[in-house]
Amino acid sequence: MVETVKLSLWFVYGAMLQQGSDWLADTQAARCLVGFWWFFCLVVTAIYTGNLIAVLAVPKSSLPIETLEDLANQEFYKYGTIDGAALS
């Protein structure tokens, strides 16, 4: 029993590092462990690629103020010191 768990974990570790293995799971518990691992990898890959596509598909919004001249000419944002405080 303990040897089967060790081999199952070794198989999962090798699969995680994309190494091959001659050992195939022969017990039901080991097959479930390997199946859950591959399902987990499938879900993580799908979520990652979905989020990556979502981030890359949306254009980044441009900043309303890019230069000091833009800051001086706008009237929406207030800027200056608070209560006459000086920055040192």
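Which residues make a nonpolar surface patch of about 480 Å²? Keep in mind as you look that this is a predicted model. The patch is the work of four side chains: Trp10, Tyr13, Met16 and Leu17. Let's pick out Trp10. You'll find Trp10 in helix 1, the stretch that covers residues 2-16. Its relative accessible area is 62%, so Trp10 counts as exposed, because anything over 50% falls in that class.

Now let's turn to aromatic rings. A pair of aromatic rings is described by two things, the distance of the centres and the angle of the planes. This structure has two such pairs. In one of them, the ring centres of Trp37 and Phe40 sit 5.7 Å apart, and the planes make an angle of 35°, so we call this pair tilted. Why tilted? Stacked would need planes under 30 degrees apart and edge-to-face would need over 60, so 35° lands in the remaining class.

Where are these two residues? Both Trp37 and Phe40 belong to helix 2, which runs over residues 28-57. They are three residues apart, and that is about one turn of the helix.

Phe76 is exposed, with a relative accessible area of 68%. Tyr77, at 43%, is partly exposed.

Next, the cysteines. A disulfide is a covalent bond between the sulfur atoms of two cysteines. How many disulfides does the structure hold? The count is zero. Cys32 has a relative accessibility of 35%, which makes it partly exposed. Cys41 comes out at 22% and is partly exposed too, because the buried class is kept for values under 20%.

Finally, let's see what a database record has to say. An unreviewed UniProt entry lists residues 36-58 as a "transmembrane region". What does that span look like in the model? It is 96% helix and 0% strand. From end to end, the C-alpha atoms of residues 36-58 lie 33 Å apart.

Methods. Residues numbered from 1 in each chain as written. Predicted model: local features only at pLDDT ≥ 70, side-chain atom pairs only at ≥ 80, totals over all residues. Heavy atoms only, no water. Phe/Tyr/Trp six-rings, centres within 6.5 Å; stacked < 30°, edge-to-face > 60°. Helix = DSSP H or I, 4+ residues; strand = E, 2+ residues; numbered from the N terminus. Buried < 20%, exposed > 50% of the residue type's maximum accessible area, 1.4 Å probe, protein only. Patch = residues over 30% accessible without salt bridge, like charges linked within 9 Å, V, L, I, M, F, W, Y side chains within 5 Å. Areas by Shrake-Rupley, 256 points an atom, 1.4 Å probe, with all protein chains shown as cover. Disulfide = S-S within 2.5 Å. UniProt positions renumbered as here; feature names shortened; annotations may be inferred.
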